[in-house]
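Let's take a walk through this structure, strand by strand and then into its core. Have a look at it first.

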Amino acid sequence: MYLVNVTVGEEYAPCRSCARDSCKTEKIYEFNQEVWLQCVTNANATGPSEWWSETTDFCYVKNTNFWESPEGDFYRMPSCERFEDPSTGPDDGDE
């Protein structure tokens, strides 16, 4: 998998259940804490870009909360839309 390490640049960075400010906060990262990201997504497809990243904790942080710019600083950062949602995939018989 492709993972990127970034650092929180705000006092607190809420990690949410989906890529919107209105979603439930699952975890809170603190200033200068390192976070591992898996992919990026643009939460506002119809207006100005609002980029979020999915962390290895499987929650989303708004990219403006990081010192780095995950959607721009890292070559070929994968889009979250390219990964299948495990809850909607075919039954693989492991359950």
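A residue is called buried when its relative accessible area is under 20%, exposed when over 50%, and partly exposed in between (1.4 Å probe, protein chains only). Strands here are DSSP runs of E, at least two residues, numbered from the N terminus. What you see is a predicted model, where local features need pLDDT of at least 70, side-chain atom pairs count only at pLDDT 80 or more, and totals for chains, interfaces and linings use all residues. Residues are numbered from 1 along each chain as its sequence is written, and side-chain values use heavy atoms, leaving out hydrogens and water.

Start with strand β5 (residues 51–55): four of its five residues are buried, so it's mostly covered. Strands count as paired if DSSP finds at least two bridges between them. On one side, β5 runs antiparallel to β4, with five bridges joining the two; Trp 52 in β5 is the bridge partner of Thr 41. β5 also pairs with β6 (residues 60–62), again antiparallel, over three bridges, and here Ser 53 partners Val 61. Four residues sit between β5 and β6 in their hairpin, and Phe 58 in that turn has a positive phi of about 60°.

Now for the inside. A nonpolar core is a set of buried Ala, Val, Leu, Ile, Met, Phe, Trp, Tyr and Cys residues joined through side-chain atoms within 4.5 Å. The largest one has 13 residues, and those with the most contacts inside it include Val 35, Leu 37 and Phe 66. β1 (4–7), β2 (12–16) and β4 (34–42) each give it two or more residues, with β4 providing the largest share, three. Apart from this core lies another of five residues, among them Cys 39 and Trp 52.
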